[in-house]
Amino acid sequence: MPEGDTVWNTARVLERALAGARLTGSDFRVPQLATTDLTGWVVRECASRGKHLLLRLDGPADGSRWTLHSHLRMDGTWRAYAPGERWTARPAHLIRVVLRAPTATAVGYHLHEVALVPTDEEARLVGHLGPDLLGEDWDPAEAIRRLSAHPDAAIGPALLDQRNLAGVGNLYKCEVLFLRGIDPRTPVRDVPDLGCLVTLAQELLAANRGRWTQSTTGSLRRGQTSHVYGRRAQPCRRCGTAIRKEEQGERVTYWCPTCQPGTTT
Ligand SMILES: [Zn+2]
């Protein structure tokens, strides 16, 4: 499940594999870029904004600066393979982009919104996003302002709305609300301390940077990495009550009705 930390990790992997490399070939399996060829382009760096990946390149010899944008949403991923290594991460029919360099080949699977834009126009693609939890410009006050602008919205979906803050996926949404004792259906206006909530979300994502196992409990042992996420009908680790799972908006949410009291159904 790509969340902000997963995408951040992916950006680091791609940057380590490709930064400074001159591409020896490319293959775009998306209609809008089917004829694009990045041979000779040089990879500068790779950044993440929420679930968006921004691979920045120098165009061939003319000094132009470009960004290859991809949105990972729920199912997209990038992998870096060594030369000659088999591409085994996902079925081949899910491949959308291949970037070849002398030292590594980057393969993007199930990518969305693949686009190549001048780097100074990145805002067209990611400018709508709220403050990035893992960005150098993380701004909790701005995140609180954006959340507060829709006081009647339920806090669960509001945390997932990347226009409010960028990087929280379903796992962190469920976990941070549990840790703060807030029912996911609570209107934003009734959440006691939005500042604590967004700060805790940022801390949870930051703690998981650099590894692929996401944990909000402090344990990396299988089956013990979350308080409520993915634990329907299992006993709450804190109080023993059965964890509940329900659809909320377009997503499911998990919560403990005892530790997160609120709206009754
Ligand atoms: Zn509980």
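Which residue takes a positive phi in the hairpin of E3 and E4? The views below come from a predicted model, and the second view gives the reply.

**View 1. The whole protein chain.** Six helices and ten strands make up the secondary structure of the protein chain. The radius of gyration is 20 Å, close to the 18 Å that the globule rule gives for 265 residues, so the protein chain is as compact as a globular protein of that length. The C-alpha trace spans about 60 × 40 × 30 Å along its principal axes. Of the 265 residues, 52% count as buried.

View 2. Strand E3 covers residues 52-58, and strand E4 covers residues 65-71. The two pair in the antiparallel sense, over seven bridges. Six residues sit between the strands. Ala61 is the residue asked about: its positive phi is near 70°. Arg56 stands opposite Thr67 in E4.

**View 3. E4 and its pairing with E8.** E4 also pairs with strand E8, residues 112-118. This pairing is antiparallel too and has five bridges. Here Thr67 stands opposite Val117 in E8. E4 is mostly covered, with five of its seven residues buried.

Definitions and conventions. Residues are numbered from 1 along each chain as its sequence is written. This is a predicted model: local features need pLDDT of at least 70, side-chain atom pairs count only at pLDDT 80 or more; totals for chains, interfaces and linings use all residues. Side-chain values use heavy atoms; hydrogens and water are left out. Helices (H or I, at least four residues) and strands (E, at least two) are DSSP runs, numbered from the N terminus. The radius of gyration is taken over C-alpha atoms; the globule rule is 2.2 Å times the number of residues to the power 0.38. Buried means under 20% relative accessible area, exposed over 50%, partly exposed in between (1.4 Å probe, protein chains only). Two strands pair if DSSP finds at least two bridges between them.
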